[in-house]
Every structure is written in structure tokens, then in C-alpha cells.
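Visitor: I like to know what stands behind each label before I use it. Could you take me through this structure, one term at a time?

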Amino acid sequence: MLPNPLGYNRVYARVEGELSYAKWWEAVRQGRVFVTNGPLLRVTADGFFPGHVFRGERPVSLFLQGAIHSREPIAAVEMVHNGRVERIALPSTVTLDESGWFFVRAVADVKHTYRFASTGPFYVEIGDTPRPVRRDSAQFFLDWTRERAAALKLSDPAKREHVMAFVRQAEAFWEARVAESLCTATVPARVTDHDPARAPPSRVYTRGAGGRWFFPESDASVGTAFRYECTNWIHPDWAGY
């Protein structure tokens, strides 16, 4: 186990054979882990543990199964795939049509704190497409780091500064990953009005062939633009409504 200053999280690793410190670290390096500050979560995908790399042609279907043990009721079981969150049940079969990563997490129904357990990531490589550094994936972890920092409750200034030092390190790491994952394509889009001097408010939707939504950033020298990402709770595959 490894303690974490952001809520006393612990990392558990699956070790084959006799337990030793060296084997434990090797299991951590291979990603056969789950992290928790409460529930116990054990999940496999097609019988493989976290850290495994699935390779195949499009699409890849995986059977997820596992067990959750918790003193508190579980509010949700979720799969996070390339930074996008989807509620699932265990066991469940999921179909992935793009390279990247995913993990499974269980969130407890506790109001005063964030109680959860999460597997380490599984990886997917479809066809000849490598696992890219995705902007939305890096942004997911950057947003999560900032969210947990905002929820931190420590009245002692010295203790708070000690914890925030780790938060700033994590924030700097993910900010760098976001900066590295620059867009590789430019999509021209222009909305005009009968008055050429007036730029009416508008939305631009960009969706890939596999169904993935893209949220580009404007490179225009005038005007303003922001990311508008909303999911319809009735139709979770729709975005922007």
C-alpha cells in the first residue's frame, strides 16, 4: 500500500507467488493496481488485470467483471475511457473503437467526502493506431486534480501547504501533458450574418467516424470561444444539447 496525502488513498498491487517488496514494486510498475480511500475494487477485462494492453482490429469488445466491497452504499460504477465517463454495471461488455486507455471506478454514496476506488488503467491499441497523448484525457486528470484541491479541507496552514505542494506538482505535470497534446488538424468554420460586421453567437459540432466528439479551440484573432460540452442524460451518446 502507498499513502496519498489527498485523502489517505492507498494503492494495492496484485502480486503473483510469494509476496516480496521487489515483486510488489514490479506489479505497481506493470499497472496491476487499484487505488482506494474506502471501497475495495477488483476488476478484470477478459480475464486480464489492469495494466494489460489489448490489441486488435476495430472494434474491440471486452468483458468486464469484478467485485466491490464497501461499508458505504455505492452510488455509481463508472468506466472512464480516454477521459470520458460512462456509467456501467458489473459484469458488463463494452465495445471500444479507438486506441487509448480506460479504467473502472466505484464511487461511494457519502456526502461529506469523496470516497471511491479506481483500477489502474487498461490500454487499447486498435489496428496500427498507437495510443496517443489525448488532450481530453490529459484535461480530465488536470480538472480532477483541481477539483480535489478545491475540496481539500485542512484548517492548519502548515498541513495544507504540505498537501498543496503535491497538488501543484500534479497540476504542473498534467498542464504539461495538455500542452503536449496539441491539435493535429485545423477545421475551418465560419458563421455569417446578413450584416457582415456582426458575428452571431453559434455552435460548432465536430464528430469523428467512430462517434467520438471533438471539442476544438478557436484560433481566431477576434471574438471569444469556449468549450461547450454537455451530455443528454436520456441519450448519453449525444453531446452539446
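This is a predicted model: local features need pLDDT of at least 70, side-chain atom pairs count only at pLDDT 80 or more; totals for chains, interfaces and linings use all residues.

Visitor: How many helices and strands does the protein have, and what makes a stretch count as one?

Guide: There are 3 helices and 13 strands. Helices are DSSP runs of H or I with at least four residues, strands are DSSP runs of E with at least two, and both are numbered from the N terminus.

Visitor: Why is the pair Glu125 and Arg55 called a salt bridge?

Guide: The term asks for a side-chain nitrogen of Lys or Arg within 4 Å of a carboxyl oxygen of Asp or Glu. In this pair the closest N and O atoms are 3.0 Å apart, so the label applies. The partners come from distant parts of the chain, 70 residues apart: Glu125 belongs to strand 11 (residues 122-126) and Arg55 to strand 4 (residues 53-56).

Visitor: Is Glu125 buried or exposed, and how do you know?

Guide: Buried means under 20% relative accessible area, exposed means over 50%, and partly exposed is in between, with a 1.4 Å probe and protein chains only. Glu125 has 19%, so it is buried.

Visitor: What makes strand 5 and strand 8 a pair?

Guide: Two strands pair if DSSP finds at least two bridges between them. Strand 5 (residues 60-69) and strand 8 have 5 bridges in the antiparallel sense, so they pair. Within strand 8, Ser92 stands opposite Leu64.

Visitor: Why are strand 3 and strand 8 said to stand at the edges?

Guide: They belong to an open sheet of 3 strands, in the order 3-5-8 with antiparallel pairing. Strand 3 (40-45) and strand 8 (92-96) each have a single partner strand, so one side of each has no neighbour in the sheet.

Visitor: Which strands does strand 2 pair with?

Guide: Strand 2 (residues 33-36) runs antiparallel to strand 1 (residues 10-13), with 4 bridges between them; Val33 is the bridge partner of Ala13. Strand 2 also runs antiparallel to strand 10 (residues 116-119), joined by 3 bridges, and there Phe34 has Thr119 as its bridge partner.

Visitor: Why is Val80 called buried?

Guide: Its relative accessibility is 0%, so Val80 counts as buried. Val80 is in strand 6 (residues 74-81). Leaving aside neighbours within four places in sequence, Val80 is in contact (heavy atoms within 4.5 Å) with Val85, Trp101, Phe102, Phe103, Arg105 and Phe140. The C-alpha atoms of Val80 and Val104, 24 residues apart along the chain, are separated by 6.3 Å.

Visitor: What makes a set of residues a nonpolar core?

Guide: The residues must be buried Ala, Val, Leu, Ile, Met, Phe, Trp, Tyr or Cys, joined through side-chain atoms within 4.5 Å. The largest core has 18 residues, and those with the most contacts inside it are Leu62, Leu64, Met79 and Phe102. Two or more residues come from each of strand 3, strand 5, strand 6, strand 8, strand 9 (100-108) and strand 11. Apart from this core lies another of 6 residues, among them Val11, Ala13, Val15 and Trp24.

Visitor: How much of the protein is buried?

Guide: Buried residues make up 32% of the 241 residues.

Terms used. Residues are numbered from 1 along each chain as its sequence is written. Side-chain values use heavy atoms; hydrogens and water are left out.
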